Amino acid sequence: MQRVKSASSVLSRYTANNNGGFISRLKRSLSSLSNSPLTDDQENFVLVEGNGASRTAILNRPSVLNALNTSIGARLQKLYSSWEDDPDIGIVQLKGRGRAFCAGGDIVALYNVIRQGNIEQGKEFFWTIYNFIYMLGTYLKPHHALMLMQVALLHGITMGGGAGVSIPGTFRVATDKTVFATPETLIGFHPDAGASFYLSHLPGYLGEYLALTGDKLNGVEMLSCGLATHYSLAAKLPLIEEQLGSLTTDDPSVIEGSLQNFGDLVHPDPTSVVHWIETLDKCFGHDTVEEIIDALESEASRTKDVWSTSTLKKLKDTSPLSLKVSLRSIREGRFQTLDQCLIREYRMSLQGISGKITSDFCEGVRARLVDKDSMPKFTLDISRRTVEPAKLGASDCRHGRRVLFARYCS
C-alpha cells in the first residue's frame, strides 16, 4: 500500500528551500544527542497489544499525561509503517494509559532543551511528530478495502498534539471523561500538529474561538462539532476494545457499526459554547484580533452575558502575538491541505522556539508550568496595542506589530 506522498518528502520540500542543510545536519547530530525527556529511546513509551487483524498502540507515559516526545513519534511511525505493510492487519486502536489520552507535546522537556541551547533537539521533535501526523492523515483513511483503520479512544485529557495524533485518523471515540483543548496561546505558542487544518474545518468560526481562547470541550461537545465521530460512556470502553479486537475485517462500515452499537445518545449542556455559536460567529468572524476583542467588548457591554465576559478574559490572559499568529494560521488552513498546513506549522514552530523573533514560548512555559507564577511577560500588550521596541530593529518600529507578526509566520 503506497501513500500518495511520503511524509519525509513533504517536509523535505520546505527544509530544502528554507532551511538548507538541516536534514544532513540533523542526521549527523542524532548519534551524539544526549539523553533527555525528548529523545530517551524507550520502546515502552508505546506498548503494543493484539493479534490477528487488530493491534492496539498504548501511549505509556502516565506520569506526564502521556505527553509526546521524539521517541514516541518515532516509535509510532515505525509501528504504523510495519502495520501498513502487513496485509493481515486492518485495525489499529490508539489509546492512552491512565487518566489521559495525551495532553500534547512534552513542552516542559522542550523548554529545557531550548534553555540548554539544544535547538536541534527541538527541531527533531517537531519534525518527527509532524511526519507521523502526515502519515496518519494520508493513509489511515478508507480509500480502498485494504487501508488501515485507526480508532482513537479519546478517554481523558486530549490536548494539542494528542488531538494531532488522533483527529486525522478514521474514527475518534470521545467519552464522558474526555477533555479537549488547544491551549497553546496561553504559553505563547500557536495551535499546531495539524490544528490549523482540523480547527479551520469546524462549523462557523468555532475553530478560531478554540484556537484563540484555549477553551475546553467535553466529549459531547466534541461529537456535536465533528471533532469526535462517536461518543460512549467510559465504562463501555473495555467492550469496545474487545469487539474491535475480534474483528477480522478492515471494512469501515463494519467498524462504524461496531462503534455505533456502544454509542450513547447525548445532547450538549445548556451552557455549552455550541449554544453560543451565533454570537461566537458574529464576534470571531472579524479579520483581526483587535476587531474580535472590540466585538466581544461591545457584546458584553450590551448584553452583560457571561459568555462574552469570560471569553474576553480568556483572550487577555494569552499571548497577544500568539493570538494574531493563530488567527492567521486558522484562516490560511481553510484553503490548505493537511500537508500544506503541517509544512507551514513546522516553519512557524521553529520560529516560535528559536527566540529570534519572540521569547513568548519560553516565557509562557516558565510562567505557566515551571515557576507557575502565572505572570508571563509577553511581547505585545493587546490592550495598549503596542509592542516592546526591544523586540524590533530600529527600522521596524514604524510598522510595530505587523513586522513582528509577518516574520513569525514566514
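1. A residue counts as buried when its relative accessible area is under 20%. In this predicted model, Y130 has a relative accessible area of 1%, so Y130 is buried.

2. The search of the whole structure finds 11 aromatic pairs. One of them joins Y80 and W83, with 5.5 Å from centre to centre and 45° between the planes, and this pair is tilted. Y80 and W83 are 3 residues apart in helix 3 (residues 70-84), so about one helical turn separates them. Y80 counts as buried because its relative accessibility is 0%; W83 counts as buried because its relative accessibility is 5%.

3. Y130 pairs with Y346: the ring centres are 6.3 Å apart and the planes stand at 75°, so the pair is edge-to-face. Distant parts of the chain are linked by this pair, since Y130 belongs to helix 5 (residues 119-139) and Y346 to helix 16 (residues 338-354), 216 residues apart. Y346 has 0% relative accessibility and therefore counts as buried.

4. Y130 and Y346 also belong to one aromatic cluster, whose other members are F125, F126, W127, F189 and F361.

5. A charged side chain also meets a ring elsewhere: R61 lies over the face of F45, at 5.0 Å from the ring centre.

6. Strands of a sheet pair through backbone hydrogen bonds, either parallel or antiparallel. Here, 4 strands form an open sheet with mixed pairing, in the order 4-6-8-9. Strand 4 (100-102) and strand 9 (217-218) are the edge strands, each pairing on one side only. Strand 4 runs parallel to strand 6 (residues 157-159), and 2 bridges join them. The bridge partner of C102 in strand 6 is T158.

Notes. Residues are numbered from 1 along each chain as its sequence is written. This is a predicted model: local features need pLDDT of at least 70, side-chain atom pairs count only at pLDDT 80 or more; totals for chains, interfaces and linings use all residues. Side-chain values use heavy atoms; hydrogens and water are left out. Two strands pair if DSSP finds at least two bridges between them. Rings of Phe, Tyr and Trp (its six-membered ring) pair if their centres lie within 6.5 Å; planes under 30 degrees apart count as stacked, over 60 as edge-to-face and the rest as tilted. Buried means under 20% relative accessible area, exposed over 50%, partly exposed in between (1.4 Å probe, protein chains only). A charge sits over a ring if NZ of Lys or CZ of Arg is within 6 Å of the ring centre and within 35 degrees of the ring normal.
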